[in-house]
Structures are given as structure tokens and as C-alpha cells.
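Subject: Structure handover

Hello,

Here is the structure we talked about.

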Amino acid sequence: MAASYARELIATRELLLNLTMREVKGQYRRTALGQLWSIINPLATMLVYTLVFAFIFRAEPPPGDPSGLDLYPLWLMCGLLPWMYVTRVITGGVASITNNAGLITKVYFPRMHLPLSVALSTGITFGVELGVLTIALWIFGGFPLPWLPLVVQAMGVLAMFATGIAMLLAILNVHFRDTQHFVSILLPMWMFLTPIIYPISLVEDAAARAGEWILQVYQLNPMLHIVEVFRALLYDNRLPGAVESLAAIGSASVVFAVGYLVFSRHERRLAELL
Amino acid sequence: MSGVADDTAVVVDQVSKKFRLFHERNQTLKSAVMRRRRIVADDFWAVRNVSFEVPQGETFGLIGRNGSSKSTLLKTLARIYVPDEGRVVMNGRVSSMLEVGSGFHPELSGRENIFLNGSILGLTRKQVTARFDEIVDFSGVETFIDQPVKNYSSGMYVRLGVAVAVHTDPDILIVDEILSVGDGAFIEKSRKKFLEFTGQGRTIILVSHSLPQVREMCHQVAWLDGGRLRAVGPTDEVVAAYGASIEAESS
């Protein structure tokens with residue numbers, strides 16, 4: 001059943017592209033700055049976090065090795081941009097079924113294209129952001145270019161992870177509309193539990209004082225490993241460690257597989273539940 | 001398609017569809033936890049044991065009063081709902097027009113929406129491009145084709161939606177009441193298009209409340225009453241029986 005659903009998805013791939021274009025084109029219509037907004041947003045977030053965490057809290061991430069980069073804003077963005085992608089895909093994906101109720105109850109098409117189109121259209125924004133970040137890293141002395149092919153693969157892993165969660169929660173949201181509100185509370189918590197705006201060394205220090213188990217529990221978070229992979233490639237300009245890479249790929253595959261199975265099993269009944 | 005003759009477009013075989021009626025309307029996590037998995041719901045059979053066959057190249061009408069589950073049956077045929085019992089066999093590519101312009105994005109232009117809506121209805125980009133001029137011509141919104149559709153009048157919106165839907169060239173077209181919208185000239189144009197359809201061996205299944213329209217367009221009709229099939233057969237007989245029952249009730 002899962003395989004025949006996959007065939008149907010592939011046969012209707014043009015619909016996926018059109019739904020993606022709908023998201024991309026519709027998003028910034030009637031704004032003066034248009035697609036520039038997708039750059040302004042992360043820039044503004046970068047300014048705020050740099051002000052608060054580099055100047056007030058004095059977070060000091062280790063310099064890039066071997067890149068030699070030592071700039072908090074750039075270090076931050078190497079982790080924050082992947083995180084923002086996850087946030088947008090999950091929030092957008094969770095609501096993608098309920099927001100398109102009008103379409104689902106009137107036409108048949110493979111419903112999975114809705115969360116997938118969110119992941120793709122957000123992926124375009126993410127790609128542009130990473131492009132700008134790459135140029136900035138280059139200007140400030142790093143040399144990320146040779147690592148870009150691996151960055152693209154890491155983006156794929158990240159997309160699988162985010163889409164898997166989004167598909168799972170989208171189904172749950174049809175049954176319990178509370179889900180989308182829970183998600184908006186849980187996502188910021190999850191961010192602060194991941195070493196995105198502060199270096200993991202702070203948690204290691206805390207674990208050394210209070211007990212090693214803290215670090216072990218902390219490392220169960222798949223996003224920690226995915227962020228490490230992005231930082232290794234972009235900020236340090238080196239191959240990510242085997243443990244991080246395997247943890248990232250493994251968790252993304254499992255999460256995507258579960259999301260896919262749950263979604264494809266429930267999608268036939270979505271129209272009557274909406 | 002085992003057991004289906006070549007000239008049969010649609011087989012509806014003992015189809016039933018049920019809905020669950022929840023006594024507590026609020027679907028929140030809290031109420032689910034409070035109920036402790038005990039779901040308070042009744043089954044409501046919206047469609048019960050309906051069977052009929054539609055020959056290829058014919059127009060088939062569904063009639064019945066409000067709430068007789070015509071639209072539920074239509075949605076089951078269009079794969080939007082899954083039958084709980086029985087089966088539906090469709091011989092060919094199906095396209096449904098249950099609501100015109102579903103999937104239009106208000107901020108996108110008419111042109112962009114034609115491509116978007118075309119692909120929702122199962123057309124490839126190439127096919128839409130090939131039919132683009134025809135679609136625009138049929139809709140009569142040429143001058144506004146590059147305007148966002150939210151600026152369209154409701155008539156233009158509907159005409160563009162119908163134009164895309166009738167140009168998807170499916171083997172089987174499922175239509176819900178859409179001929180009741182638009183002005184006289186446009187209805188006439190759509191009617192001609194439908195005649196052209198069946199002339200090409202395509203099949204149409206439609207719901208209509210307009211008995212004159214059903215008489216004029218349909219070869220066969222099914223009369224639904226409270227989710228059950230009351231009668232099925234040649235249009236004149238079934239429509240006459242239906243008309244008589246309504247008259248008997250209102251007098």
C-alpha cells in the first residue's frame with residue numbers, strides 16, 4: 001500500500017510543483033520588499049540573538065577549526081537557519097491539511113502533496129538563505145565552497161526529518177486541533193534545548209558539575225546532531241563526525257518513514273474528518 | 001477490471017457510506033482524555049446499499065430531495081470519500097467538478113490559477129498549455145487574465161473555474177450542481193460542451209435540482225431517498241415518479 005501510494009505521488013509530481021509555486025508566489029504578494037523578506041527575517045533574528053547572547057550573556061563558541069572563523073553571528077546562523085527551516089516546515093505542514101479543507105473536500109489528489117509542498121517551498125527560502133550565508137562566510141575568511149555538495153545532502157536529511165514530523169502532526173491536528181497550539185509552544189522550548197544560540201560546551205560544563213546523565217539525555221535530541229553537521233560543514237569547513245552524521249541520517253530516516261506510513265494510512269479518510 | 005463489460009463506464013456495487021455522529025462536538029485533546037477513549041458516537045448511514053451501472057457515453061443524473069445524500073454519493077464516486085461497504089469501479093480517467101474554482105489562490109493571476117487548477121484536476125503543464133487559449137476563450141475573461149482572481153466578479157470566478165474543469169477531457173466527469181451558476185448564455189455554452197462530451201463517448205454523472213435540465217440532459221436517472229436508491233432507470237419514468245411523489249407530499 002505504501003509503495004502504490006508512492007507511485008501515485010510520483011505520477012502527480014507536477015501538482016506538487018504547482019502547489020509549491022502557489023506557496024512561493026502567494027507568500028509575499030502585495031509586499032513592497034517581496035522575496036527580500038525571506039532574507040530580512042533571519043537577519044533581524046541574527047541581530048537580536050547576537051545582541052542578547054554575544055554581548056549580554058557572552059556566549060563564546062569555539063573558533064572554526066580549520067576555518068579559523070571566530071564570529072558569533074556567523075556561528076549562530078550556521079545553526080539557526082537549519083532550525084528556522086524545521087520550525088517553518090513543522091508549523092506550515094501541521095496546518096497544511098486543515099488550511100486546505102476546501103480543496104480536500106472537493107477534489108481528490110494525493111494529500112501528501114500539501115505538507116510536501118510546504119517542505120519544498122520553505123526549502124527554496126532556506127536555499128537562498130544558505131546561499132547568502134555562504135557568501136558571508138567566504139567574505140569573513142572561511143572557505144565553504146568545497147563543502148556545498150555535502151551541505152545540499154545535509155539539507156535533504158533535514159528536510160526528511162522536518163517533513164516526517166510535519167506529516168505526523170498534520171494527521172494528529174485533523175483529529176485534535178489543539179496540536180497546532182501545542183506545537184507553537186513546544187518549538188521554542190525545543191530550540192532552547194538544542195545548542196543553537198549557545199555552544200554545547202556550556203551544557204558540558206553543567207554536566208561536569210551536576211552529573212553526566214544530563215549530557216547523555218541532552219544528546220538524545222536528533223536536532224543537536226543535525227545542527228552539528230551543518231556547523232562542521234559551513235563554519236568549521238571539515239567533515240562532520242561519524243557519530244553526528246549517523247545519528248542525523250538515522251533519526252531523519254526513521255522519523256520520515258513513520259510520518260510517511262502514518263500519513264498514507266490516514267489520508268483516505270481526511271475528507272470526512274475535516 | 002474483471003466482470004465489467006467494456007461499454008460500462010461506472011459500476012456502483014452495493015455501496016454504503018457511514019458517518020460517525022459525535023455527541024460532543026468539541027474535538028479537543030481534553031475531551032478525549034476526559035472520555036478515556038470511550039467515544040460517544042452513533043453511526044449514521046448516509047448512503048445505504050446503492051447499486052447501478054452507467055454505460056459509456058451517457059449522461060447519468062442523480063436526483064432527490066435535500067439531504068438525500070446525493071452529494072455524499074457523488075463524493076464517494078469522486079474518491080473523496082471511501083465507501084465503507086461495496087465498491088465503485090471507474091473505467092477511465094475521472095475528473096470531478098464539485099465546486100468550481102476550488103484551489104484558486106486569490107492573490108495569483110487568472111493565468112497562474114489556470115495552471116494550478118489544471119494540475120489539481122490532473123492535467124500536465126503541457127496539456128494545460130495546449131488548451132490554454134480554449135480555456136480563456138470559454139471563460140470569457142480575456143481582458144482580466146493577468147489580474148489576481150480576487151479582483152474577479154463572482155461570475156467571472158465561476159466561469160474561469162468551469163472553463164478549466166470542462167477542458168480536462170476526462171473519460172468520466174462528475175458534476176455537482178454547477179450548471180445553476182452563471183448567466184443564461186454561459187449555461188447554454190456549458191450545456192453544449194457537455195453534449196459534445198457525451199458525443200465523444202465520455203460519461204457524465206451529475207446532480208441537479210432542476211428537473212427540466214435533468215430531463216433534457218440525462219439518459220438515465222437514479223432517485224435517492226434518505227440515502228437509499230428509490231428508483232433507477234430511463235429519465236422520463238424516474239423523473240415522473242419523483243415529481244409525482246413531491247406533488248403528493250406537498251398537497
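Start with the two domains of chain B. In this predicted model, domain 1 of chain B and domain 2 of chain B bury about 1100 Å² between them. Of that area, 65% is on carbon and sulfur atoms. Three residues stand out on the domain 1 side. R93(B), F186(B) and K193(B) supply 45% of the area that domain 1 of chain B buries against domain 2 of chain B.

In the contact, 13 residues of domain 1 of chain B meet 14 residues of domain 2 of chain B.

Next, what holds polar atoms together there? There are 0 salt bridges between domain 1 of chain B and domain 2 of chain B. The interface does have 3 residue pairs in polar contact, with both residues at pLDDT 80 or more. On the domain 1 side, helix α6 of chain B, residues 184–199, gives the most to the contact, with 6 residues. By class, that side of domain 1 of chain B has 7 nonpolar, 1 polar and 5 charged residues.

One residue to look at is R159(B). It lies in helix α5 of chain B, residues 154–166. Is R159(B) buried or exposed? R159(B) counts as buried, because its relative accessibility is 19% and the cut-off is under 20%. Leaving out residues up to four places away in sequence, R159(B) touches S139(B), G140(B), V141(B) and F186(B).

Now the two chains. Chain A and chain B bury about 2700 Å² between them, with 55% of it on carbon and sulfur atoms. In chain A, the residues that lose the most area to chain B are R22(A), K106(A) and Y108(A). Together they make up 22% of what that side buries. The contact takes 28 residues from chain A and 33 residues from chain B.

How many salt bridges are there between chain A and chain B? The count is 4. One salt bridge pairs K25(A) with E112(B), and their closest N and O atoms are 3.1 Å apart. Chain A and chain B also have 7 residue pairs in polar contact, both residues being at pLDDT 80 or more.

Which helix gives the most to the side of chain A that touches chain B? That is α2(A), with 7 residues. By class, this side of chain A has 10 nonpolar, 5 polar and 13 charged residues.

Last, a look inside chain A. L133(A) lies in helix α6 of chain A, residues 113–139. L133(A) is buried, because its relative accessible area is 5%, under the 20% cut-off. Not counting residues up to four places away in sequence, L133(A) touches L74(A), M77(A), C78(A), L81(A) and L234(A). Take L234(A) as an example. L133(A) and L234(A) are 101 residues apart in sequence, but 8.9 Å apart in space, C-alpha to C-alpha.

Best wishes

Note on methods. Residues numbered from 1 in each chain as written. Chains lettered and ligands numbered in written order. Predicted model: local features only at pLDDT ≥ 70, side-chain atom pairs only at ≥ 80, totals over all residues. Heavy atoms only, no water. Contact = heavy atoms within 4.5 Å. Buried area = accessible area lost by both parts, 1.4 Å probe. Salt bridge = Lys/Arg side-chain N within 4 Å of Asp/Glu carboxyl O. Polar contact = N/O pair within 3.5 Å; in protein donor to acceptor, adjacent residues only side chain to side chain. Helix = DSSP H or I, 4+ residues; strand = E, 2+ residues; numbered from the N terminus. Nonpolar A, V, L, I, M, F, W, Y, C, P; charged D, E, K, R; others polar. Buried < 20%, exposed > 50% of the residue type's maximum accessible area, 1.4 Å probe, protein only.
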